Amino acid sequence: MKSTAPAILSALSAAALASAKEPDLLVVEKKNNSVGFYTSAGQRVGGVMVGETPHEVALSRDGRFAYVSDNGVLWMDYDGPGGNTISIIDLQLRKRVGTLPLGKFHRPHGIALDPSSSRAFVTAENPDRLVLVDLDARAVIRDFDNGGVDPHMVTFGLDGWGYVSNTASGTVGAVHASSGELHLIEVGKGPQGSLLSRDGTKLWVTCSDEGRIDVIDTASKSVIGSIPTGPGANRIVATDDEGLLVYSLQSGEAVGIADPNTLKELAQIPLGGAPLSISLSKDDRHAFAGVQDEDQIWIVSVRDRKVVQVIDTPPGAGPDPVVEIGTYRPSRARP
């Protein structure tokens, strides 16, 4: 009787190979007009072309789709009309399955999903507006005055409020999705990324030109404290228990860690270039920083406060946001 062992081994090898090719990280490759899929070891196993010069990405609540802002301009202070679409990526199929047209609203940048519906806020830089969209209908619902110049990133609150960073104005515009009511909150110069606390009572805002993170009380719509940081704080995330804030320091070329309770910076982990983004692994153990101009992704151990891996993306990719879509496993790739 002929042995089936070789066939079984061959099937197991094929399955193992297929498993090894499953991506763990989704990377917005800004300069390549694409989104790349990477393994934990840093192997690029696929990619999807999107609109010109994509900037930010948000995942659907079920993790099936990624929504990418097709900005069309590399830096926000560049001239140019820019793009006017949101690309929709099916992460299972690894393909772009559609776009959400923004019409007269060009240079979409920040995108934040409503935690309780299919709506999302999108910032537009040309003209300066905050746009509310329906992701299922793939249509614009309405637009709002954001109250300042250069709307950059946006956070969707738990109660219908959107918080948009007006980078050139030094304000955060709090805009209500139903009424359009606007409150302007004075913060430090160059506000960029923001993060809402789990209970919705606080908003942390990076002030890139001030070297600090301002803390906003969402009830009173006012700043109630600040955390001094290294220079160029631009994106911010928090561990699940909100015991630590983790943020990218663009001009400081580092990842920073702070205690939101004591309002003190605890550490700066130097990188080999200027990070434009920050995200955390699902288990909060690792931070991913896209260093666009070096075509690299730097990965930091939050607990050990050191770089544990550097992923080289293809030349000219220009990686910006990185999102864990599988299960990241630290590799022995060069630190």
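The model is predicted, so local features need pLDDT of at least 70 and side-chain atom pairs count only at pLDDT 80 or more, while totals for chains, interfaces and linings use all residues. Residues are numbered from 1 along each chain as its sequence is written, and side-chain values use heavy atoms, leaving out hydrogens and water. Helices (H or I, at least four residues) and strands (E, at least two) are DSSP runs, numbered from the N terminus.

**Nonpolar cores**
- A nonpolar core is a set of buried Ala, Val, Leu, Ile, Met, Phe, Trp, Tyr and Cys residues joined through side-chain atoms within 4.5 Å; buried means under 20% relative accessible area, exposed over 50%, and partly exposed in between (1.4 Å probe, protein chains only).
- The largest nonpolar core has 18 residues, and those with the most contacts inside it include Val 246, Leu 271 and Val 307.
- Strands S22 (254-259), S23 (264-270), S25 (286-291), S26 (296-301) and S27 (306-312) each give two or more residues to this core, with the largest share, three residues, coming from S25.
- Another core, of 15 residues, lies apart from it and has Ala 58, Ile 88, Leu 102 and Val 131 among its members.

**Salt bridges**
- The whole structure holds 14 salt bridges, each a side-chain nitrogen of Lys or Arg within 4 Å of a carboxyl oxygen of Asp or Glu.
- Arg 94 and Glu 22 meet in one of them (3.6 Å, N to O). Arg 94 lies in the loop between strands S6 (85-90) and S7 (95-101) and Glu 22 in the loop between helix H1 (5-20) and strand S1 (25-29), so the pair ties together parts that are 72 residues apart in sequence.
- Asp 90 pairs with Arg 64 in a salt bridge, the closest N and O atoms being 2.7 Å apart. Asp 90 is in strand S6 and Arg 64 in the loop between strands S4 (54-59) and S5 (65-70), 26 residues apart.
- Within this pair, Asp 90 is buried at 3% relative accessible area, whereas Arg 64 is partly exposed at 27%.
- Arg 198 forms a salt bridge with Asp 240, with the closest N and O atoms 2.9 Å apart. Arg 198 is exposed at 58% relative accessible area, and Asp 240 is partly exposed at 49%.

**Around Asp 134**
- Asp 134 is found in strand S10 (residues 128-134).
- Leaving aside residues up to four places away in sequence, Asp 134 touches Leu 100, Ser 118, Ala 139 and Ile 141, where contact means heavy atoms within 4.5 Å.
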